[in-house]
Amino acid sequence: MSGRHTGSMHSHTVEGTDPQLYVGVHDPEQDAGLRPVLLLHGFSSSSKLNWEDTGWLAALLEAGRRVITVDLPGHGRSGAPEDRDSYSPSRIRADLLQIAFDAGVRPLQEGDPSSGLDIIGYSLGSRLAWEFGATQPEIVHRLVLGGPNIADPLAAFDLVAAQRYLADGTPIEDESTAGLLKMAMLLPSNNIFALLSLVEAIKAEPYDPAEAVPHMPMLLVAGDQDERASTMPQLAELGIKAGSMAEQLVLPGRTHTNAITSRAFKQGAIDFLGV
């Protein structure tokens, strides 16, 4: 892999608490002179699983991009705060803004291609990227949203059923809840109770993409076998109605699970952000 990893554990104090987020800052050997790229992983994943192991980090570094990775609270190498507020989407967005500034991101300035920030998000990361772009237009240049959905799948997660299953093995009737919990429990690095706090916090802040729409250009990407992303055209339409450019890329034969490994996805994102 080209580039050197300069990431380390950073603690950020935003609104008085320390979420203990693990942040990685990766510099390319040959800098293309473009703004950094922030990568946001999905639920129960991590920056290593989503972006390093799948070749994304290597591909972006090879393209000369500086890359910022972060593990969401309770995920990967990040800590698991006890307070639920640390897991709320609005709090996470505030932390992401602090992370961007700490990494040297500057407001967008016309004629300066190194100013601002590009974001690539996958699944839950797409939701966070959409909202971050809508609320921070002064620093976000372009968005790539992988596996996007007009509704957050975690909003329908049956917390009570999950808690009963963890307590005494009571079967979970809802297939989506059972699948998400099983996926979360497969990774030893995950703090399962922290992830349930994340679900609870997300339920408290429902996702309504029409409420705040990003105005910067965006690329929406999903596999044609990804049922969760079947509403991707509706998200694109929201962007177009708001006056932004919204391109769509459909990956043949790919599902929500394996779309992230697609070479076409990587190349499409790199080309889209390389302006």
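Me: Which side chain does Arg127 meet in a salt bridge?
Reply: Arg127 meets Glu131, at 3.1 Å from N to O. Keep in mind that this is a predicted model.

Me: Where do Arg127 and Glu131 lie?
Reply: Both lie in helix H4, residues 124-135. They are 4 residues apart, about one turn of the helix.

Me: Buried or exposed, for Arg127?
Reply: Buried. Its relative accessible area is 4%, and buried means under 20%. Glu131 is buried too, at 13%.

Me: Which residues are linked with them in a network?
Reply: Salt bridges link Arg93, Arg127, Glu131 and Asp152 in a network.

Me: How many salt bridges does the count come to?
Reply: The count is 11. One of them joins Arg77 and Glu52, with the closest N and O atoms 3.4 Å apart.

Me: Where do Arg77 and Glu52 sit in the chain?
Reply: Arg77 is in the loop between strand E5 and helix H3, and Glu52 is in helix H1. They are 25 residues apart, and the pair links distant parts of the chain.

Me: New topic, rings. How many aromatic pairs are there?
Reply: There are 3 aromatic pairs. In one, Trp51 and Trp56 are edge-to-face, 5.5 Å centre to centre, with 90 degrees between the planes.

Me: And why is the pair of Trp56 and Phe265 called edge-to-face?
Reply: Because their planes are at 85 degrees, and over 60 counts as edge-to-face. The ring centres are 4.8 Å apart.

Me: What does that pair tie together?
Reply: Parts that are 209 residues apart in sequence, since Trp56 is in helix H2 and Phe265 in helix H9.

Notes. Residues numbered from 1 in each chain as written. Predicted model: local features only at pLDDT ≥ 70, side-chain atom pairs only at ≥ 80, totals over all residues. Heavy atoms only, no water. Phe/Tyr/Trp six-rings, centres within 6.5 Å; stacked < 30°, edge-to-face > 60°. Helix = DSSP H or I, 4+ residues; strand = E, 2+ residues; numbered from the N terminus. Salt bridge = Lys/Arg side-chain N within 4 Å of Asp/Glu carboxyl O. Buried < 20%, exposed > 50% of the residue type's maximum accessible area, 1.4 Å probe, protein only.
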